[in-house]
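Dear colleague,

Here is the structure you will be taking over. Please look it through first; my notes follow below.

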Number of protein chains: 2
Amino acid sequence: MQIDEIVKGVLSGSRRHLAKAITLIESRREEDFRKSLKLLDAIVPYSGNSIRIGITGTPGVGKSTFIESFGLYLIDKGYKVAVLAIDPSSQKTGGSILGDKTRMEELSRHEMAFIRPSASGKTLGGVARKTRESMIACEAAGYNAILVETVGVGQSEVAVADMVDVFTLLLLPNSGDELQGIKRGVMELSDIILVNKAEDDNLDKAKLAKSQIENALMMLSQRDDGWNVPVILTSGLKKFGFDDYFASLVEFFDLMRKNDFFQKKRQSQYLSWMWSMVDDYIKEKIHSDKHMKEIIDNCQEKIVLKEASPFSVAEILIDNLKNIFE
Amino acid sequence: MQIDEIVKGVLSGSRRHLAKAITLIESRREEDFRKSLKLLDAIVPYSGNSIRIGITGTPGVGKSTFIESFGLYLIDKGYKVAVLAIDPSSQKTGGSILGDKTRMEELSRHEMAFIRPSASGKTLGGVARKTRESMIACEAAGYNAILVETVGVGQSEVAVADMVDVFTLLLLPNSGDELQGIKRGVMELSDIILVNKAEDDNLDKAKLAKSQIENALMMLSQRDDGWNVPVILTSGLKKFGFDDYFASLVEFFDLMRKNDFFQKKRQSQYLSWMWSMVDDYIKEKIHSDKHMKEIIDNCQEKIVLKEASPFSVAEILIDNLKNIFE
């Protein structure tokens with residue numbers, strides 16, 4: 001299929017062409033890579049008219065059920081919903097958190113929804129990049145609510161927070177001595193916190209968890225954007241708390257548009273995407289150069305043996321940089 | 001003074017030669033830079049026999065008083081104490097958090113102590129690098145307890161956490177609705193938390209603050225190194241809690257040596273110092289190249305106007321990289 005045809009198809013909202021575009025984006029073939037850049041330049045002016053929502057949470061918190069239910073809720077509100085995923089673990093296993101589509105059976109069959117499992121890639125940076133590009137393609141195809149899911153492993157939360165407008169953390173209705181297991185650093189990335197599975201017998205515990213989380217949040221300093229992180233009780237299974245969550249999203253976007261953080265954040269994200277591609281390229285160049293690899297190994301050994309300081313060793317690397325960009 | 005002479009002096013523990021070495025490290029002259037690398041290579045085999053303690057806390061928490069008192073406490077225990085500082089704000093004002101030595105009058109006059117105000121520099125990376133190098137010099141001169149202070153502003157806590165063995169956060173005895181103002185991300189960097197100013201009338205509030213902080217910590221997931229972050233009541237003014245803090249430090253270092261995290265952390269820090277110097281150099285090269293600057297400005301404009309995707313724009317930058325490393 002020609003690029004022009006894919007572009008036209010995507011812009012007309014064709015799911016088949018969108019799938020084709022994402023396959024091109026995810027391809028590892030050099031010629032496909034060049035094509036995908038052409039494609040992205042053509043569709044980027046039509047992207048961006050969406051709310052980009054990141055969702056994370058520890059295994060067992062009920063992310064899939066929540067995303068399926070909330071996705072359908074958004075469709076009821078008139079949104080076209082795309083679900084993407086960042087899953088660094090899928091690189092190793094070949095599996096994927098969204099690979100098992102039956103987990104979101106109803107949503108995946110809905111004509112107003114588009115679900116794409118996590119892209120594979122050698123590095124988190126590579127996977128993240130493909131997800132960003134897929135997000136652009138979904139938006140160009142008219143999807144105006146993008147949910148980016150990630151499992152709570154490694155640095156993927158940071159990668160997701162760097163590609164969305166609002167970051168949601170799902171927690172368990174655990175309180176007191178029960179472990180909540182919030183990964184270090186993830187609390188600070190979160191704009192909205194949901195205590196999920198707050199149904200039935202869990203309700204009281206969930207309320208206690210909510211107040212404990214609110215106490216913990218109160219210790220943190222005021223955010224630059226003036227937003228106060230709300231803690232909301234939800235149940236993906238029983239479909240409650242969605243109105244509260246949606247209201248918080250609306251309030252968040254209202255504030256961010258009013259104080260100009262929405263536009264500023266997106267622009268700085270786009271620039272950081274650009275620079276992270278350049279960084280990745282430089283790193284790849286440095287580490288794949290045979291002569292450089294020898295120097296690095298030798299330098300690292302010297303550092304470990306304390307035969308040279310990290311500072312002078314860095315100078316050796318710097319002196320050799322010109323050879324790899326010839 | 002010749003490098004050989006400085007090296008000999010530093011290794012003999014001469015304060016005058018140590019001061020000279022650090023002046024060389026902090027110099028911005030190109031020839032001094034080369035000399036300082038030679039110096040560092042010569043002294044690095046004699047460095048590392050110390051405990052490196054990072055200390056941060058919001059303004060008003062009593063850091064200076066605490067560091068002075070605790071520094072003297074360490075000297076009583078037989079340590080030689082060096083106090084360094086990372087203060088990004090000093091870049092603008094020309095001032096420095098440790099510049100006012102009278103704040104640590106007793107410690108600064110002590111023959112077993114060496115206090116050095118924050119280095120100046122154009123970037124946090126530059127200041128951090130000079131502080132790391134000064135740390136190496138202090139160790140080579142026989143200082144075996146290095147306290148690195150930082151004000152709670154910007155990314156300086158991350159820079160300090162990346163150069164020390166153990167990171168201590170000082171908090172106010174505030175509880176309940178009073179603001180604690182913990183900067184986002186700093187809690188996760190902390191190995192030991194002190195509720196300072198826990199003297200006299202503050203004691204009850206400090207105890208309450210301690211239990212609230214402990215609750216917040218309990219929500220976080222278990223650390224890889226198996227350490228449980230303790231919360232300790234201290235008073236820099238009344239010099240109490242030091243035994244508890246010191247016992248925690250000993251326990252921390254014991255665990256880290258036993259599980260091999262101590263050595264692993266230092267090695268990975270050294271390698272990351274090396275790479276951050278290479279990164280800084282590449283960034284500097286890219287941004288100081290006139291032709292590249294034009295391309296960047298043009299590319300960024302295209303991204304903002306959505307005339308091109310960040311992805312294809314990155315390719316343009318990448319294609320031009322070779323020109324700047326010639």
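An axis here is a line fitted to C-alpha atoms, for a helix over the stretch in contact, and angles between axes run from 0 to 180 degrees between N-to-C directions. Please keep in mind that this is a predicted model.

Helix packing between chains. Helix H12 of chain A (residues 261–288) meets helix H14 of chain B (residues 310–324), with axes that come within 9 Å and cross at roughly 40°. H12(A) is therefore oblique to H14(B). The crossing of H12(A) and H14(B) is right-handed. On the H12(A) side, the contact is made by A:Tyr270, A:Trp273, A:Met274, A:Trp275, A:Met277, A:Val278, A:Tyr281 and A:Ile282. H14(B) contributes B:Pro310, B:Phe311, B:Val313, B:Ala314, B:Glu315, B:Leu317, B:Ile318 and B:Leu321. By class, this contact of H12(A) with H14(B) has 15 nonpolar residues, no polar ones and one charged residue.

Positive phi values. A:Lys239, with phi near 55°, lies in the chain A loop between strand E7 (231–233) and helix H11 (242–258). B:Asp260, with phi of about 70°, lies in the chain B loop between helix H11 (242–258) and helix H12 (261–288). B:Asp260 is partly exposed, because its relative accessible area is 42%.

Cysteines. How many disulfides does a search of the whole structure find? Over all chains, the search finds zero. A:Cys299 is buried, with a relative accessible area of 2%, and B:Cys138 is buried, at 0%.

Regards

Definitions and conventions:
Residues numbered from 1 in each chain as written. Chains lettered and ligands numbered in written order. Predicted model: local features only at pLDDT ≥ 70, side-chain atom pairs only at ≥ 80, totals over all residues. Heavy atoms only, no water. Disulfide = S-S within 2.5 Å. Buried < 20%, exposed > 50% of the residue type's maximum accessible area, 1.4 Å probe, protein only. Helix = DSSP H or I, 4+ residues; strand = E, 2+ residues; numbered from the N terminus. Parallel < 35°, antiparallel > 145°, perpendicular 65-115°, else oblique. Left-handed = near helix turned anticlockwise from the far one by under 90°. Contact = heavy atoms within 4.5 Å. Nonpolar A, V, L, I, M, F, W, Y, C, P; charged D, E, K, R; others polar.
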